[in-house]
Amino acid sequence: MTGNLNLDGGDGGAQLAIETLPKAAIQALYHAVTGKTENYRKTLSGNVLINFVDIERLYQLICQQLEHYQLLAKPTVTVVLKTDNSRSLTYSSWERYKALEINTAEITSEVILKIEFVASLPNTPTPQRCILNINLDSSLPMLNRGNEFDDVPFIFAAMYLRQWQTVEISIDFVDFLIARNFVSQIEEWFTTLQRVPDRKFEKLLAANMQRLDIILGQSGRFGSAFFIAFYVFFSGNPLKNFEYFTYAVTISFMIWGIIQISAQALSRSIKKRVNRNIIPSVIVLTNGDKIGYKKLLESTTSTSGTVARLAFTPIFSILFNIVASFLYVWLTRPK
């Protein structure tokens, strides 16, 4: 916004360049002329555990920040809880939420904290209205669907490699400084939250699962190569009996197919284990949340078991083909 502001309303009055006005005054003028406020949004990502005391601490931090402004009335506070069965509970104040919150078996999917206030700001002609929305998102409803996602393509687990978008902040404001102060408080609060268990090896597997799939998919080919190679080694002169050599190649292909089927099943098993071991952000408020989170932790698997499964198919394929090659030569040896 550029131009001059006429101070006395006449054509010959004193002119004041708008660029020289304080930013708060320019924003107030924009609001007065258009009737609109500006909006600031920010998302905080990270895999954290949020309890009731954490949300209460967030609310207290916001209240402390509000004490820095001259409010025309007490802020309007709304708390919305959404659950895994698409039910939504709305509380008209923080105190009402604390008094009426019911510990149900439902799992919390989202918590929305909305605070509206009107404040008198320096360099603004009229009181200004500000709306602060804080959305806290939980992955627990999705993770507690049992084995529903076990056979989902691995991209489901791969998305966990990104930090979960836990907090979404939206502020309708007139003075940007106010919006920035609130965002800073929320960011500081977010850094103090407890982190969920971090399984670094599973994340490494998730990041390289496409390569591992390729390796597992070639296990049958590797095994067939060892079968033929050791058939030549054990028999000495495989072309002496071309019929037996042809059968040997046929048997190696059959084993190849069996190993491929086993490798695909093993790949799905590894993906299931990785899916269960990577936990994004979780909100624990109700009894349902506590039970669901406990089950989630109990369903995690050991890293050593995952490594053993990962190494099993290539090693087994090679050893099995070597033994099969030796047995075939022994069974077809001249009497």
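Tutor: In β10, the residue bridged to Leu44 is Val167. This is a predicted model, and we can read its strands from such pairs.

Student: How many bridges join strand β3 to strand β10, and do they run parallel or antiparallel?

Tutor: Strand β3 (residues 38-45) and strand β10 (residues 165-173) are joined by 8 bridges and run antiparallel.

Student: What span should helix α2 have, and what is the distance between its end C-alpha atoms?

Tutor: Helix α2 covers residues 52-66, and at 1.5 Å a residue its 15 residues should span 21 Å. The end C-alpha atoms are 21 Å apart, so the two values agree.

Student: Which residues of α2 are buried?

Tutor: Asp54, Ile55, Glu56, Leu58, Tyr59, Ile62, Gln65 and Leu66 are buried. Phe52, at 23% relative accessibility, counts as partly exposed.

Student: How is a pair of aromatic rings described?

Tutor: By the distance of the centres and the angle of the planes. This structure holds 16 aromatic pairs. For Phe52 and Trp94, the ring centres are 6.0 Å apart and the planes lie at 10 degrees, so the pair is stacked. Phe52 belongs to helix α2 and Trp94 to helix α3 (residues 94-100), so the pair ties together parts 42 residues apart in sequence.

Student: Is the pair of Trp94 and Tyr97 stacked or tilted?

Tutor: Tilted, because the planes are at 55 degrees, with the ring centres 5.3 Å apart.

Student: Which residues do ring pairs link into a cluster?

Tutor: The cluster consists of Phe52, Tyr59, Tyr91, Trp94 and Tyr97.

Student: Is Ser325 buried or exposed, and what does its side chain reach?

Tutor: Ser325, in helix α12 (residues 303-331), has a relative accessible area of 0% and is therefore buried. Its side chain reaches the backbone oxygen of Phe227 at 3.0 Å and the backbone nitrogen of Tyr231 at 2.8 Å. Leaving aside neighbours within four places in sequence, Ser325 is in contact with Phe227, Phe230, Tyr231 and Phe234.

Notes
Residues are numbered from 1 along each chain as its sequence is written. This is a predicted model: local features need pLDDT of at least 70, side-chain atom pairs count only at pLDDT 80 or more; totals for chains, interfaces and linings use all residues. Side-chain values use heavy atoms; hydrogens and water are left out. Helices (H or I, at least four residues) and strands (E, at least two) are DSSP runs, numbered from the N terminus. The expected span of a helix is 1.5 Å times one less than its number of residues. Buried means under 20% relative accessible area, exposed over 50%, partly exposed in between (1.4 Å probe, protein chains only). Rings of Phe, Tyr and Trp (its six-membered ring) pair if their centres lie within 6.5 Å; planes under 30 degrees apart count as stacked, over 60 as edge-to-face and the rest as tilted. Two strands pair if DSSP finds at least two bridges between them. A polar contact is a pair of N or O atoms within 3.5 Å; within protein, one must be able to donate a hydrogen and the other to accept it, and residues adjacent in sequence count only if both atoms are side-chain atoms. Contact means heavy atoms within 4.5 Å.
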